[in-house]
Amino acid sequence: MRITKGWPFSFCASLFCFSPFLSPFSSRILRIRSQGFCSLISNKFLCRRKVNFAPDSRNNLLATIRMMGTAQSEKSVCPEDDKHPRVWSSPGEGRSIDIGKQIFCNRSLNMRNIVAVGFDMDYTLAQYKPETFETLAYEGTIKKLVNDLGYPTELLKWTFDWTYMVRGLVLDKKRGNILKMDRHKYVKVAYHGFREMKKEEKVATYGSTLIRDAFDEPEYALIDTLFSLAEAYLFAQLVDFKDRNPGKISADYSRMYKDVRAAVDLCHRDGTLKKMVAKDPGRYINEDTLIVPMLKMLRDSGRSTFLVTNSLWDYTNIVMNFLCGSSSENVPAGLNSDWLKYFDVVITGSAKPRFFHDENRTNLFEVDPESGMLLNTDNGTPMPQVDSSLRLPVKTLDKNRLVFQGGNVGHLHKLLSIESSSQVLYVGDHIYGDILRSKKVLGWRTMLVVPELENEVKLLSTLKGTRKELQLQRNNRDHVEDKIDYLKWNLRFDGGNVAKEDVLAELEQLQSQQEQYRSSHQKSQREHHHKFHKVWGQLMKTGYQNSRFAHQVERFACLYTSQVTNLSLYSPDKYYRPSEDFMPHEFDILSL
């Protein structure tokens, strides 16, 4: 049988064999239909022009077909899978969800009570590639610093390590330090520029004050979005450069940070970043074939969907065409408004987080999708014109699905006929701009997108043994410390009734063990954290405590997950329930 490599085919092979488990001359029928099987089998039988069905090779053929079929299903490379991505509503039951794709629940959320699901665009629906987009932002910011703000030209030779910074860090603008804190706001990891601060230096700076520092604006900057990573890295570079080259930068650390922020804002205002993305979206944005199936499933379940983004219409249209269009190639040349059918309302230029305040009096304008023209509205209703000829006709595909700019959350509630804010689920990536405000001010239900989570939970699952070993080392250290304290107490208060020389000898031995346990545990814990990140360790942990970022996620996000399209893997009517909380006194007794 000759197989043409690269073409889909199907065949049926009937194999007759003697078997102790089958009747004589029983037949095994193999039916195979595959798009990618042909290339696999062609490679396997590269030097053969026909398949030999002789008795001696019968078992080899069965094993080969079985092996290749397994490999094909494991790799999931069939083009049909790309055209028809599997979502919860796809045929087939009982599919397990990979731990990196799961949705985690902080507060009970019954999706049956949700009537509208909303999305942010940037870093939520549109996941930017850090190696290209963050580098683009970094390079644009450096050019603005040199050309517009008078910084040394040496900066133009600098390069960007997009893996260095993580979310959840805090920048000390005044001192030029970068901090990672636990949920109690104790500084656990600190760098001055790229130099790690010693424990004594950390304590002297942040742990020896009479009044606890709040670590908030304006003295500190919070790195809670992926877009902030490039500016944090550049700030660290400037701190190092200033320390090594006195006089080359006259500004202090705080002023340098302000200049970095100003340069970033200049990149946004003159369109430097968005023009580059618009030219080649595929270079800067990850494709996700589950976005459209997810939106369709939510809408088929009877829910409204909406988009609220700070980006203006022209850029939003390009990005959403790329994400939801039939073809991702040459997007700017083939722009259309077809993607609007997946949303009931689209609000661009929303100016979040101010958008979430109902008292915000920003006007709501209707956007003509074809021309981009803004039209006055009365709370979303088109306003009559003195001269009707002055009003351009709005040519949206469906008048029930409208595009707006500005406004506030009150306008959105009216457009969607929302009766209670708890009926809305909003999905975003910004802990403050998307999640905190919508949760705290409005009472919306919230889901936070944390792309870093996918690798973190997978790595956690492989390091269960290491975590147990760390806990054992910690228990051994605590046990030795208790014995040392007991012996010291005896020497101090019961010295006449004990053999002092024996106690001192035992004490010296225990202190040696204590130091061994301490250094061993410290080294093991450091190695454990560095497996997650070479500098900052685990995103959601700082030592044994939840990190500041994890604390914010727990407080303000009802749900959190690695990708927005993980919603498509669950029933749109699912009842999300949190895992049981444990107090320290319950953990060893009740934890499973």
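Author: A disulfide here is a pair of cysteine sulfur atoms within 2.5 Å. This is a predicted model, where local features need pLDDT of at least 70, side-chain atom pairs count only at pLDDT 80 or more, and totals for chains, interfaces and linings use all residues. Residues are numbered from 1 along each chain as its sequence is written, and side-chain values use heavy atoms, with hydrogens and water left out.

Reader: How many disulfides turn up in the whole structure?

Author: The search finds 0.

Reader: Which cysteine sulfur is closest to that of C558?

Author: The one in C105. The gap is 7.7 Å, too far for a bond.

Reader: Is C558 buried or exposed?

Author: Buried, at 0% relative accessibility. The cut-offs: buried is under 20% relative accessible area, exposed is over 50%, and partly exposed is in between, with a 1.4 Å probe and protein chains only. C324 also counts as buried, at 9%.

Reader: New topic. Where does K202 sit?

Author: In helix α5, residues 199-206. Helices are DSSP runs of H or I, at least four residues, numbered from the N terminus.

Reader: What is the nearest side chain of opposite charge to K202?

Author: E196, 6.2 Å away. Lys and Arg count as positive, Asp and Glu as negative; His and the chain ends are not counted. K202 is buried yet has no salt bridge. That would take a side-chain nitrogen of Lys or Arg within 4 Å of a carboxyl oxygen of Asp or Glu.

Reader: And what share of the chain is buried?

Author: 46% of the 592 residues.

How values were computed
Helices (H or I, at least four residues) and strands (E, at least two) are DSSP runs, numbered from the N terminus.
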